[in-house]
Amino acid sequence: MAPARDTPFRSADMSMVQLYISNEISREVVNALGELGLVQFRDLNGDLSAFQRAFTQDIRRLDNVERQLRYFHAQMEKAGIPLRKLDLDVDILAPPTTTEIDELAERSQSLEQRIASLNESYETLKKREVELTEWRWVLREAGGFFDRAHGNVEEIRASTDDDDAPLLQDVEHHISAPEVERSFSCMNIGFVAGVIARDRVAAFERILWRTLRGNLYMNQAEIPEPLIDPATNEPVQKNVFVIFAHGKEILAKIRKISESMSAEVYNVDENSELRRDQVHEVNARLNDVQSVLRNTQQTLEAELTQISRSLSAWMVLVGKEKAVYDTLNNFSYDRARRTLIAEGWCPTHDLPLIRSTLQDVTNRAGLSVPSIINEIRTNKKPPTYLKTNKFTEAFQTIVNAYGTPTYHEVNPAIPVIVTFPFLFAVMFGDLGHAIIMLCAALAMIYWEKPLKKVTFELFAMVFYGRYIALVMAAFSIYTGLIYNDIFSKSMTLFKSQWEWDVPKNYRPGQTVTAVIRDPNYRYPFGLDWRWHGAENELLFTNSYKMKMSIILGWAHMTYSLCLSYINARHFKRPVDIWGNFLPGMIFFQSIFGYLVICIIYKWTVDWFAIGQQPPGLLNMLIYMFLQPGYIDVPLYPGQKYVQIGLLLLAVIQVPILLFLKPFYLRWEHNRARAKGYREIGERSRVSALDEDDDGVANANGGDRHSVDSAGEGVAMIAQDPDDDEEEEEEGDDHGHGGKFNFGEVMIHQVIHTIEFCLNCVSHTASYLRLWALSLAHQQLSAVLWSMTMGPALKVTGIGGAIFLVVVFAAFFCLTCIILIIMEGVSAMLHSLRLAWVESFSKFAEFGGWPFAPFSFKQLLEESEELKEYLG
Amino acid sequence: MANGWSVITGLLICVAMAVAAWFFSPKGENQVLWRSSIILSIACCFLMWAITFLAQLHPLIAPRRSDLREEYVHH
């Protein structure tokens, strides 16, 4: 009895479908299916390499477009133009037609060229500008040298005329010489002027000095502003230099050296008139270049701004298009009929939707050939598809983090929705902390839309689990009320069941014990507040919380074990019920169920009224195993026989657990063999015509006769049942397909039995973490209070008030950081473990593989590349 | 008022609530989710309350303290 529709209780029903799509509309069909996101296509061309596939050419072309788009993006970032991000919630992109994609490709091609040429001319212009600027500096600085040098012409001449003359000879004598304006040329002195990077100056000087043996006169000045190096776009500090030297050859040498030191040499006239003209000329040219530069820059920016408006959309379109062709590459092509054949998994209940989508696409294209979708029977294991909604998504993620549930087994996330937050709350029980947590969770849910855009990873993680936090906080409020803890203080909600038995001559400091106020009144809800602050509080709460942990653990595990019964019934494996579930259940209950009953029974007996010694349950349980029949302190009459009986019952279950299932399976297998049945996997070995595999396969896949005349691809599909055998062999679906191997089944069952019996003990003990963590949480918050608020509340006066405000801030911050965040995370991890290990091991197989449909939505969400384009 | 029978009363109330949750869960494909979550929650809460109540039903030890203030004692 298949349910009318898929529920979250099990993974959705899946069907293997075969699609026959006309070649002309294949792209549109895949596009539509991608929008739908309900089909997972199988790769039918597994033997073809990526290069041999049909649509590789298209993918290459799209890769190129994508590269161009990324180039635009890089250019925009360089120019500082903001990208208009695409908000998928608001903008809906219509599926593009082929011509649109072609246009986009062409357009981006031409745009790329245009931007590249603009960039190129921009760079040349920039270079020109730098050169001119440098020249201007040289002119300005060198002019200074000349003006100064002309004053010393005589002196220089003197030094050149007479090598022996001291350099600084009687300066005043020549200072006002009339021949100041005389040229250097008449003295046969030439010069080289240029610009060099400042960090190279020292080396430059040294080389010059050495090669020319000091026959030079170098003058330099720093350029105050850094110049931009056009090649690297980085500012460089440069110096202007002018070198005077003697003779043409030496000058040529200097030029060469400067070039080798990558200094720029500029032409400077020594005549000041000409130099003035040069400066004017340079300035004019510089202005021209700058205005052209500005124009180029503006054009480039305008172009990029225009692109920036639609770049994100293009990027998404290209990404989708590429995904479409990637998918099409998985299809097999029937040349004779010009159709593409696809195979894939889809949810059975969504088949009508897929069918109508296909119909729509065909109609829109005006094609007479319909696309055909065929459900095919297969013995392959379908993928596990667990539908989620906003609320269950995070819970399902917790489960999936452990493993993918087997197809159709009870979804482990169903009980987790309650048990995980509840067990968390048992450890986190404090009303105050819970309320803060609830506020945070509610705030995250109320401002869901704006907060969704936050990309800060840590917050995104918490935000993702906002509904878990909500349920956890709600349960924590309940457990906080039960524990009667609010920031480690108690609430006097009801009248206490205790009253202090104060002696007549009471002195402060005297120990007082409480007595029951009224034998017929008990504290109705939660822990009596009289225990708070009592000297023996921990004695009581430890015993209470420890027992509670055992009972809750027992309940959790029993519940989980029951789910294995539901699984066995659903998969129609009665042997799992008789050979696994039932003996396991009896074993567990006869030991730990009995313990729980004893705990509850012990609570219900008024031991003082009947005047007996209450027995220690731990000792009782230990003696039950070590010395069956020995009762230390009796709990109830006839206890001896009950315990021996239960122990025997438990021991008997072990061989049943061990042997029933494997031997039953063997018996079943042998019976089937005796009747002449063969297993499906054995077919090819049975067949006498080993090489005629096709024939066998076709005989099996009866409904595929119509296509077997076609080419390679179709024959391959017909062989499908033989492929992927590795895929099927895993898991432990004994007797359900696959070869029967008694040894394997036996070993598996032995492991299962040992594991189960040992786990019953260790898992029950593991639940004691509930007690340990709730104790730690309660004690920690008590310590925090006594170290901050406790003393602060005792200080009186205005100083006390100020002190209180400060201390409260500290108290609140520490509460949030340590008690809520840190303790919360630790309690969550412990609760997670209880769900994953203690609970799941009782019923879930986790032998499935996840359903990963071809979906644009998922593609866009998961793509790292597109992330920066999506708002 | 609140004596040993309260646990039974509480159980009955919780069972009634669970039955009501079974029938009044919103219809639709998430009905199973509603039912399982609500009933499990009721069961968890009942268990916790009942355990706490039973633990205090016939206490073996009584609260004891020696820092009671005089003014508190006589009221």
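Predicted model: local features only at pLDDT ≥ 70, side-chain atom pairs only at ≥ 80, totals over all residues.
Chain B as a whole has a mean pLDDT of 89, with 91% of its residues at 70 or more. Its make-up is three helices and one strand, arranged along the sequence as α-α-β-α. Helices (H or I, at least four residues) and strands (E, at least two) are DSSP runs, numbered from the N terminus. Of the 75 residues in chain B, 47% are buried, where buried means under 20% relative accessible area, exposed over 50% and partly exposed in between, using a 1.4 Å probe and protein chains only.

As for bookkeeping, residues are numbered from 1 along each chain as its sequence is written, while chains are lettered from A and ligands numbered from 1 in the order in which they are written. Local features need pLDDT of at least 70, side-chain atom pairs count only at pLDDT 80 or more, totals for chains, interfaces and linings use all residues, and side-chain values use heavy atoms, with hydrogens and water left out.

Between the chains, the axes of helix α16 (residues 537–570) of chain A and helix α2 (residues 31–55) of chain B come within 10 Å and cross at roughly 150°. Axes are lines fitted to C-alpha atoms, for helices over the stretch in contact, and angles run from 0 to 180 degrees between N-to-C directions. The angle therefore makes α16(A) roughly antiparallel to α2(B); that label covers angles over 145 degrees, with under 35 roughly parallel, 65 to 115 roughly perpendicular and the rest oblique. The contact (heavy atoms within 4.5 Å) involves, among others, A:Phe540, A:Tyr544 and A:Tyr559 on α16(A), plus B:Leu40, B:Met48 and B:Thr52 on α2(B). Its residues split into twelve nonpolar, one polar and no charged. Nonpolar takes in Ala, Val, Leu, Ile, Met, Phe, Trp, Tyr, Cys and Pro, charged takes in Asp, Glu, Lys and Arg, and the others, Gly among them, are polar.

Within chain A, the axes of α16(A) and helix α17 (residues 574–604) also come within 10 Å, crossing at roughly 160°, so α16(A) is roughly antiparallel to α17(A). Here the contact residues divide into 18 nonpolar, five polar and four charged.

A:Ser839 sits in helix α28 (residues 797–843) of chain A and counts as buried because its relative accessibility is 4%. Leaving aside neighbours within four places in sequence, A:Ser839 is in contact with A:His556, A:Ser560 and A:Leu834.

Note on methods: pLDDT = per-residue confidence, 0-100.
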